[in-house]
Number of protein chains: 2
Amino acid sequence: MVRTGNEGQPVRVAVLGAGNVGGALVRLLLDDPEGIAERSGVRLELLAVAVSDPARERPGIPTALVTGDAKALVTDPGVDVVVELIGGIDPARELIEAALAAGKPVVTGNKALLAAHGAALAAAAAEAGVDLLYEAAVAGAIPIIRPLRESLAGEKVRRVMGIVNGTTNYILTTMAEEGLPYDEVLAEAQRLGLAEKDPTADVDGHDAAAKAAILAGLAFRCDVVDGDVYREGIARVTPLDIAFADRLGYVVKLLAVAERAGGEELSVRVHPAMVPKTHPLASVRGSFNAVFIEGDSAGELMLYGRGAGGVPTASAVLGDLIDAAHNLLAGSAAPAPARARARLQPIDEIRSAYYLSIEVADRPGVLAAVATVFGDHGVSIRSMEQQGLGDEARLVFLTHLAREGDVRATLAGLEALPAVDLVGGVLRVVGDEDGAGR
Amino acid sequence: MVRTGNEGQPVRVAVLGAGNVGGALVRLLLDDPEGIAERSGVRLELLAVAVSDPARERPGIPTALVTGDAKALVTDPGVDVVVELIGGIDPARELIEAALAAGKPVVTGNKALLAAHGAALAAAAAEAGVDLLYEAAVAGAIPIIRPLRESLAGEKVRRVMGIVNGTTNYILTTMAEEGLPYDEVLAEAQRLGLAEKDPTADVDGHDAAAKAAILAGLAFRCDVVDGDVYREGIARVTPLDIAFADRLGYVVKLLAVAERAGGEELSVRVHPAMVPKTHPLASVRGSFNAVFIEGDSAGELMLYGRGAGGVPTASAVLGDLIDAAHNLLAGSAAPAPARARARLQPIDEIRSAYYLSIEVADRPGVLAAVATVFGDHGVSIRSMEQQGLGDEARLVFLTHLAREGDVRATLAGLEALPAVDLVGGVLRVVGDEDGAGR
């Protein structure tokens, strides 16, 4: 308990936004304020909820609490803490800036805003001497921001890898478990409400890239924005790639990866990857999320749970809100060291093992020609499998560790061979880079 | 960053104990103080290391830092924070009490002490207005104490289940993967240094019970001591039980379970259990640890990593040390609400599904007699499998949810039947209590 004699004083909360997460948070705050106070040692009092359309009925939200004037609310002297759950850049950014400038701690779940302007907002919070907390911005209910920021504050992190988008993990899991093609599974996910009508943000990796930027910034104490993140989506992953991966002992996952490259450089990227079945990330199924952390001292850690959904995400907001309230009563704030701009490794420079699948004419000399292309670009083959397809053959390769630029040159060289009909799946292998298994 | 103008001021640390974890912590602190300061925003200065035998050479620990007088060190005005890594009850308890009374925050990894006297120590810390932090006491490097205390401060937790002892998880994993008996795997683990010469604390569940008490206290904000914890070890688990579990879709794990029972009661227990293969805990192999949390709002969470080892555990201590240093500079302390004594449910009252294996004479009427015993005690059978063994037969049952007292009465009834030769394995089924799978 903070020892300021303020224990009994209620902390007055303004919530901006009453959508999926905002609505769930309001219900949590109103349903059991005594329970929250008893468990947390802090009394939270919901003062107002700002929405764009205050006339609309919202079940569970008393109209007396609703206002249309978010701008006035964030500087209202009666408000102690501001929770921003509107999402998007504008007007969320100005509202958060106004709240911080007015000396109010802010809790937000706004990954797009943090991935674009996180460093400026953190600096504004530090300047004002108040908290800016955002556990809900990455992987919903899973405690990941606080462990990275506090538990691992002294740790030299080597790599963070996450399954941070539930929609794509659901699609890939279903493709694998039911052997169905991408389009069909996506359509079914849309029918079930597990994917948006316009699924671009999820399936093209934009959502995961924003989270990768936030995780990279925290893990490596630097400023990474979403535009820094190399990005590939899952639309080109085929059931055939997944079946081959399965036979080779892997599953296919969309991963957000942030790791120390050589020297001072970081590699931050989002792409589908082959993960060994024995790796803890391989068992993360359906719409669940998980973040896997490798540290010099801590070793391997994984944090797993519900990455989305109104109530789970609201639970993460509530944890931050209690933290902000405690700090406010104690007159302190969470540490937020200033961050330098990250130096990013170009994607061509990363080193990875690769899975490649190509279709070739099934005649003498073709395999030699193909192997020569690999050799010419210094890409060493770890294993190869040939499958007959009538007049054609499918060749599936796993490479040893190789430079991405060399693999791309190899692909271009293969495409230029007359005997090669199709360069199909290309997947990076993550989690047993040395090919030695786990 | 705490805004007190104290950012540059070093925080002077005294470490008690230079064993496996203490030695690793000292090396972390001495190897890269600048790196830690840069990453965490706080400068930690190792002032002294107290050991019982100061004359002994300790590689990596300068003799100038070593003292034999722990008692003087913990009240030394030059010391800002005390780290206790001696272990055991005495003298750790008096030293921690003296440090707290002198107004010094304490970081400890002492599970035995916390499980026996945690509430009194927490009260002493609250009285002194300083931190008592103990991330390293449960599951080594895995951030579990801080997420439970902070991220889930407002959460209504339903259940916490953990694989919190690496030795027993290594033994059970190896028994399963290599089909070997308990004694043989234990002996091999002892040869490899993965089990102690006297393995009692691990294999009989004492270590896990201490951690269960600590987790239960945090998750349910009450006082639970190790003596409250119902406890069964792994010595009676056979390769046959594990093979049956496998065929039925389960793995066998030693679990620490703390859950809300009816009303105000908690059930806190340690025992081997059958966990569905699709449950995230099932994929925790070898000496890894994991804690699975079920909350009303957050849903299912799992935190996974290295549960032991000097360096990983020291990394958890370092995280706490940085937290304590930040709080000290800010003049605040982590909230530590007072806790009431827990009300515990007697083991006979828990409800679970059960796996039972018995050997019977293979003759007409035996199955009817056996089934009658189940029925007489109100234990409903979910599935049964019979396996011939010459003149005998092995019967393996899975029950629906049943009261433990009724299952024990059933077992006594079975043992009394002339046709029953052996009541073998009994395992609680955890993770799909309704038998519906996940």
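**View 1. The surface through which chain A and chain B meet in this predicted model.** Of the interface residues of chain A, 100% are also interface residues in chain B, so the copies meet through the same surface. Chain A superposes on chain B by a rotation of 180 degrees, with 0.0 Å of shift along its axis and an RMSD of 0.0 Å, and the two copies are thus related as by a two-fold rotation axis. Within chain A, the C-alpha nearest that axis belongs to A:Leu303, at 2.3 Å from it.

**View 2. The division of chain A into domains, with the contact between domain 1 and domain 2.** Chain A is divided into domain 1, which is made of residues 11-140 together with 310-341, domain 2, which covers 145-306, and domain 3, which covers 347-429. Between domain 1 and domain 2 of chain A, the C-alpha centres lie 27 Å apart, and the contact takes 18 residues from domain 1 and 18 residues from domain 2.

**View 3. The side of domain 1 of chain A that touches domain 2 of chain A.** At least two residues of this side are supplied by each of helix 5 (111-128) and strand 14 (340-341) of chain A, and the largest share, 7 residues, comes from helix 5 of chain A. By class, this side of domain 1 of chain A has 12 nonpolar, 2 polar and 4 charged residues.

**View 4. The open sheet of chain A and its pairing.** In chain A, 6 strands in the order 3-2-1-4-5-6 form an open sheet, in which the pairing is parallel. Strand 3 (66-67) and strand 6 (132-133) of chain A stand at the edges, each with a single partner strand, so one side of each is left without a neighbour in the sheet. Strand 1 (residues 11-16) of chain A runs parallel to strand 2 (residues 44-50) of chain A, to which 6 bridges join strand 1; A:Ala14 has A:Ala48, in strand 2 of chain A, as its bridge partner.

Terms used. Residues numbered from 1 in each chain as written. Chains lettered and ligands numbered in written order. Predicted model: local features only at pLDDT ≥ 70, side-chain atom pairs only at ≥ 80, totals over all residues. Domains from an automatic or database assignment. Contact = placed C-beta atoms within 7 Å. Helix = DSSP H or I, 4+ residues; strand = E, 2+ residues; numbered from the N terminus. Nonpolar A, V, L, I, M, F, W, Y, C, P; charged D, E, K, R; others polar. Least-squares fit on C-alpha atoms with pLDDT ≥ 70 in both. Pairing = 2+ DSSP bridges.
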